[in-house]
Amino acid sequence: MSPTPSNSLLQGASSSTVVETVEPVVLEKGYIGRSVPRKEDRRLVQGLGTFFDDVRRHGMGYVHFVRSPYAHARILSIDVSKALELEGVYGTITGDEVAIHTDPFFEMSVEPGGNIKDYALAVGRVRHMGEPVAAVCASTRELARDAADLIEVEYDALPVLVDAEESLKDEVVLHDDAGSNVVWSGVFDWGDVDQALAEADHVVKIDRLHFHRFSSTPLECAGALVEYDKGTGEWTLTCNHQMPGVGAIWMAPALRTGIDKLRFVTHDIGGGFGNKICLHPQYVVLCLMARKLGRPVQWTEWRTDQHTANAHGNERTFLDVEVAVKADGTMTGFKVKALDDCGAFPRYEPLGCIIWAQVTPGLYSWRNIRVDFTQVCTNKSPVSPNRGYSRMQHLWLTERIVDIVATELGLDPVEVRKRNYVKAEQMPYETPNGCVYDSGDYAAALDIALDLIDYGSIEERRVEAASRGRLLGFGIGSTLDSGTNNFGQSTLLNPDLQFSGNNEAASVKLDIFGEVVVTIGTVPQGQGHETTAAQVVADILGCSPEQVNVRRGHDTWFNSHAGFSGTYASQFAFTGLGAVKGAAELVREDMVQLAAAVLQAPVDAIELADGFARIKDGPEEAALPFMALGAIVNANNAFLPPDFNPTLNHRFVCRPYFGMVDTEKKTGQLTLTYATQIHAAVVEIDPETGDVEIVDYAAVDDCGVRINPQIVEGQVHGATAHAIGAALSEEFVYDEDGTLLTANFYDYHVPHAMDMPPLKTGAMESPSPVAPLGAKGMGEGGGGGIHCIGAAIQDALRAAGGAIVYTSCNPAHRVWSMLQDPEATRANVKVVSR
Amino acid sequence: MSGTKELSAPRETVWGVISEPSEMAKLMPGVESFEITDERHWTAKVKVPLGLGGLKMTMNFEKLEERPLEFASMRAKGQGVGALMDMTTSFTLSEAGEGTSMVWEADVKIAGPVGAMGQRVLQPIVNQQVSQVLAALEERVAAASTSAEG
Amino acid sequence: MVLLREVGYARPATIEDAVSLLATHDGARPLAGGQTLVNVMKARAAAPDVLVDLVDLDELRAIGFSSDGLLEIGAMVTYTQLMGSSEVDVARPILAEVASTIADVQVRNRGTVGGNVCVSDPTNHFPPLLVALGATFTIRAESGERTVSADEFFLGVYLTAVGEGELLTKVNVPPSSGAGDGFAGVTIGKHGTYIVDAAATVSGDDVRIALGCVAATPVRASAMEERLTGSDFSEDSVRSAAVGVGATLDPPADVHGSADYRRRLAEVSAARAVLQAARRRRAK
Amino acid sequence: MEAPARSRAISLEVNGEQIEMEVPARRLLVHFIRDDLGLTGTHVGCDTGNCGACTIDLDGQPVKSCMALAVQADGAKIRTVEGLAAEGELTALQQAFNKHHALQCGYCTPGMLMSATALLERNPHPTEDEVRYALQGNICRCTGYVNIVEAVVAVGEEHA
């Protein structure tokens, strides 16, 4: 039952929203599907939001970390005496205390990576510039930093590794316990790529492609306020961790305590994008400090700290790519060696070594794919999930392959995509490694994007630009945002792991005065969960979103949550709202039963609407306001029969069904929903300076039922801005000594208001047959802007030497180099034709 | 970074300055105090004038290689608040008529927050400090040669 | 980061008091807009011991004309003030035009002309511009006042002719009187920091060109100036005159560009600045 | 002429209320506002004065409070996001931000509102380009600026 898309377009203002809404699968349209203005905004526009650094406690100490200036060195000695003598300093924590009082964090990989010892502070050795070596706590922020400057650390420099291929040689080994720099390696081989290559009319060989290192740099840096209760041995972390479920799984064993002793509380968070998942090392140090000093302690990370030591996105080099292409342009398969650089410590890694397999074929129908995957560590900041985590890197590979094959074989990039895209009628489509693309019409989405960008006029605009001495280029970037992570894919990396499936929990209750109260285990950082959850509950209980109070943020003790609680992997629409829907339906059932009993009517005669439980088409007075139901159950229930005990308070755990994965063939449902985003860009290059300007941009999104279209469109805008920044300027660059050269916003340039082109956006709705509300997760976006801008640059350079874009970040100096020496990049590509 | 400097004084005088730790210590810009640990090691407390304010550092010097009158190389490791410096310098002397032709080489690495100010500011700052050391060296040599003649 | 070391602070009422504070306290630095100094102090890369805040010295905020017709800009004039000044618009509008591309509204509201030149960061906009315009700088010391030319003012990164215990009070800029001025270059993002920039002024057949970001201080492209004497300033003649400028430079390399890239940008920027200046020259 | 001091008693008006307090000379204005005055609507997002999350109104002009010392604000009048509207009410701009979904995480929003408010006070009917120019100093990592610019332009048109 795939929807019939239509090309009727609303050509409107620069950022018009084109809505082609089809019949929702699940619920009769109420608040779901409407751009309800967000509930969160009222406090945020008055500066009354509560971010962790806003929270104060009496007697609170401020923590500052002493960080390594060396990228790789032995720690000979740490002397904190001068710091402790400073008036107003409360205490310090050093690596040896961490080694005594805590255990290394749980490692997911098999040998050798699994043997890596990852402590909360550097123990005996520092492995990247900025790595925390000691922590000091004092009465004011400034004093804490003064004290940090008095801590003397003696280092003995060691050789530095900043290149993954160099690291692979194991001449310098970062982790002696592992004995090798390889964190994980394995081969994924589906179909028969050798046969496909043998039968191909053309084999396109690409020696090297490089996906660069960058991150989403959320505007609010990481941090926490930690309190220790000596009586109960419990810690309360008022923080901005975006995945407390897994955070607790790491921290509790390290602190040698039970998971329930760690209470994570989040209020408002200033953006996460995956970069606030691996905060457990610093948080464990704060827990030790709070317990040691017997006072609340607070740490705020500053921008340079975040760039040098917090989450970087996966940097991945693709080697020896071979693509099998038939004469008619059909691509039957490819093979590649992928080398992933996860920095000094594999924290959430090696999961990145499998998560790309959720989108193994990209949007294409080739059946024969072999990926020889290896992940190594280097003396750079540790990697953590970053918007588009691991799928973005792989989708960039498939889009680069398609555009290089098109350029080399003289095929039209639109035609070669339409020929090779998975077709709408093939949906639900099983990929070569057993994932199922649930719904979508890639060709139709591409048509909307081409229409928005006025594809027909490209050649005309190219001539006009040339008359002004500018090189015009057009590019497409097609991506899938796989939503809802099946942690069972970790067993494809390490069969001994006891991790699989996924879950999220929510509770809904009707209070004594009839107020609807919702709690969720998710951790929104700007996605508007309070509003979309309220829309779903309102439609199920028959009231308005204003009557639904969704508690802000996460609270391990007072809000429902589950083992995998958090906000990541584009899964809120599925698991978050799925849990809310489940709980609301249980409460609805109670309300209908109770109303039927009170109004003496059959259950199916009762309807919930406009904040009342009433008899359908019944008399005026046969209607009970929610308040009446709440009052009965909570404060006036004597008259209820003994065997009838409605609680009007239910918790529901949404447990998406993935089935088991096959660890032999490395197949299985690694995720469940696939939102599509097709991006198209037109750029103009100044050939004298290499400067790239985006002159037209369109993005089309298809994520099934859109609970709140405006919020969905906001995510598309944000993902596009992150991608444009990465494509043109955002890059973590290290020199050969392991010093990060782009350590702050001075040299790490993120797009400002004037850098962003006007975005034209379009939308389609192919409901998901598997998601509870037909809504697919879509927050990450898959990096469409990186793919289409790289393709547009390559298209523009065809008229000036035909250089091949080989990396995902192309600032002016790199484009200029490609203009000076196109052959250097072309030598990378060969076509062998039969 | 490297260059040559023509000095009017004869090689013996130049050598007398280069090989003498107490002389070399005074060359650092903004030196506040220094201490000779032994014939091949000495430390200096400096406040490098960076225009916008001083950068306090303790510099530990170590002689690496010495071939009297011909070649001298040394290494300086500076540790301060906000910066970490690792500098190896070498001087090669050859006779040039009455005076001396000195080829100098300096390899300077800076790490830590000061590096955060952007390389394009840092590189010129390091060049400035090296040229100031050379100017001071020239002065010391000139002073030494006049006192030698006197 | 972000947390400063202990520092002394004084807020003198007169220029004399300011100069005497600067002269009598070791490690004292003037504090104008603070848009660079405070950031450097946050990084604790370099830290003055005493800050002498010039905020109350209204005399330094004046814009006017000297007896011999020079545009006099007080050291504490902010970029926003420059952009709104009718005197500047009449005498040398390029100053306001360049100021309007510096960073953002908030920085332009506090950042000062004096701060921009005294910091002498190679990527600052005003050092190359003022060298091209042939500006002079008035410096007050306890012993009196002296005026220094642009070529003598900029000595190095964070290093100018303003010595310990001295204060820049004015920047004096010749009025354009028919000359055309130009400024061009490549930035990191729109209105971002320059990778290389060039300023040019063309009057009659006198051409002055200054390049920024290619050395510690602005570099005059004097060979190109000579090649352009008597030129018709057509596109071709200006571009060919620019060829060779790069070879004379030894620019720094960093994450935004190699030395070669900067040499090429110097030639492109110089040509574009001269062409802009030539186009704006009032027909004689 | 008073000698340099390491702290200073300052007196300034904050959102209409006169404040006197002794502050260390080294304390940044943004930390004075957040930690000493408890007005936590003004945020810190970087350490080089690039991001604008700390933008406040100082004597009628939008400035970045992370690049000023608290002592420099002695005798000044400052307005922060908490002082934009009277208790509980919202300005037209704050309402437009809600209507146009011009914020997601809300961390840059206070700074955006201060810059946009200052723009509208100078230029009540700004074009899209004028709005982008005015907001050049305010980084947002969630919205791509699309809806923010739309909201500010909309406020200008409603009062056309």
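In strand β21 of chain A, V518(A) is the bridge partner of V508(A). Strands β20 (residues 504–510) and β21 (residues 516–520) of chain A run antiparallel and are joined by 5 bridges. The model is predicted: local features need pLDDT of at least 70, side-chain atom pairs count only at pLDDT 80 or more, and totals for chains, interfaces and linings use all residues. Residues are numbered from 1 along each chain as its sequence is written, while chains are lettered from A and ligands numbered from 1 in the order in which they are written.

**Sheet in chain A**

- An open sheet of 4 strands, with mixed pairing, has the order β22-β21-β20-β26 in chain A; two strands pair if DSSP finds at least two bridges between them.
- Strands β22 (548–550) and β26 (649–654) of chain A are the edge strands, each pairing on one side only.
- From one strand to the next, the twist averages 20°.
- Helix α16 (residues 572–598) of chain A packs on the sheet and touches β20, β21 and β26 of chain A, its direction making about 30° with that of β20(A).
- Axes are lines fitted to C-alpha atoms, for helices over the stretch in contact, and angles run from 0 to 180 degrees between N-to-C directions.
- Helices (H or I, at least four residues) and strands (E, at least two) are DSSP runs, numbered from the N terminus.

**Contacts between chains**

- Among the 5 pairs of chains that touch, chains A and D have the most contacts; two residues are in contact if their C-beta atoms, placed from the backbone, lie within 7 Å.
- This contact takes 45 residues from chain A and 43 residues from chain D.
- On the side of chain D that touches chain A, two or more residues come from each of α2 (92–99), α3 (109–122), α4 (128–134) and α5 (146–158) of chain D.
- That side of chain D has 19 nonpolar, 17 polar and 7 charged residues; Ala, Val, Leu, Ile, Met, Phe, Trp, Tyr, Cys and Pro count as nonpolar, Asp, Glu, Lys and Arg as charged, and the others, Gly among them, as polar.
- Chains B and D do not touch, and their nearest C-alpha atoms are 9 Å apart.

**Domains of chain C**

- Chain C is divided into domain 1 (8–53), domain 2 (58–173) and domain 3 (180–280), with bounds from an automatic or database domain assignment.
- The centres of domains 2 and 3 of chain C, taken over C-alpha atoms, are separated by 21 Å.
- In chain C, 18 residues of domain 2 are in contact with 21 residues of domain 3.
- Helix α8(C) gives the most to the side of domain 2 of chain C that touches domain 3 of chain C, with 6 residues.
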